Amino acid sequence: MSAGATSLFEPDGPGRWIPTELARGPWDPRACHGGPVSALLARAVERTVGDSPVDWQIARLTVELTRPVPVAAGLTLRAEIERDGRKVSLVAVRLLDGDVEVARARGLRIRTRELRLGDEAVQPLPDPPGTPADGAVQRVVWAVDDHVAFHRNACEHRFTEGGWDVPGPVGVWIRLLVPLAPGEEPSGAQRAAAAADFGNGVSGGLPYDRYTYINPDLTVHLMRPPVGVWIGMRSASYYGTASASSGAGFAESALFDADGRLGRSVQSLILDER
């Protein structure tokens, strides 16, 4: 990894990647944030080519963060097509630290086709969280703040409702400030995957100094490729009944871009006391 990184990952030969300091998480400088890892796995899903000459779009991406993903380590990325059809394709991706799997993903791709919807189409109102211009930049007040990390150096958050220091649901717009890989413009799906992993963090409803709520997974559904550099989110977290929890929860986010509603994301949460 080079000093003064300018991307989230650096290539290290065919199928090999090194997470830079910009991919770090907010708590442990040795481990990556889930957003960059999810974006890297989305990239692999997009770029895996099968026998069918089809223009694919990611409709669902399910990421499982099986172990901490080490920063500055040489990681191996392996992808294979599990199903190669004319309308639906299924891609499996594994990220390895040596022989140890640290993350995996399964991407469902649907063929791209332009359709004109008539007046008979009935859909809910999109209800976006304002626009990025409406939002305010806020500093993260609860994370370890003495090292370069993804949340503070590699992306920007503009809150239109709630905020880092306001417990509960939020409206926020997020954009990457650096590319995923050197010299590459991140795709819309990569931007959505990177932003969606913030859902549980931005909408935290428990005191940060007393509880943790880590997400071991992330599932993103997209009905079309995102456009523009901003991903908007309406995010909320749920932990159980009003007074008790079984130790599990979930966070969900409605996803938007400049053209309106584009999908949703859900994260399972492991709840614990510090």
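Predicted model: local features only at pLDDT ≥ 70, side-chain atom pairs only at ≥ 80, totals over all residues.

Visitor: Which strands does β4 pair with, and how do they run?

Guide: One looks for bridges between strands and for their direction. Strand β4 (residues 75-84) is joined to β2 (residues 16-19) by 2 bridges, and the two run antiparallel. On that side, tryptophan 17 has leucine 75 of β4 as its bridge partner. Strand β4 is also joined to β5 (residues 88-97), by 8 bridges and again in antiparallel fashion. Here glutamate 80 stands opposite alanine 92 of β5.

Visitor: How many residues does the hairpin between β4 and β5 use?

Guide: The hairpin passes from β4 to β5 through 3 residues.

Visitor: How are side chains arranged along a strand?

Guide: In a regular strand, side chains alternate between the two faces of the sheet. For a particular case, consider serine 89, which is located in strand β5.

Visitor: Is serine 89 buried or exposed?

Guide: A residue counts as buried when its relative accessible area is under 20%. Serine 89 has a value of 0%, and is therefore buried. Among the residues it touches are Trp56, Ile81, Gly107 and Leu108. Arginine 83 is another contact of serine 89, and its backbone oxygen lies 3.2 Å from a polar atom of the serine 89 side chain.

Key. Residues numbered from 1 in each chain as written. Heavy atoms only, no water. Pairing = 2+ DSSP bridges. Helix = DSSP H or I, 4+ residues; strand = E, 2+ residues; numbered from the N terminus. Buried < 20%, exposed > 50% of the residue type's maximum accessible area, 1.4 Å probe, protein only. Polar contact = N/O pair within 3.5 Å; in protein donor to acceptor, adjacent residues only side chain to side chain. Contact = heavy atoms within 4.5 Å. Lists of a residue's contacts leave out its neighbours within four places in sequence.
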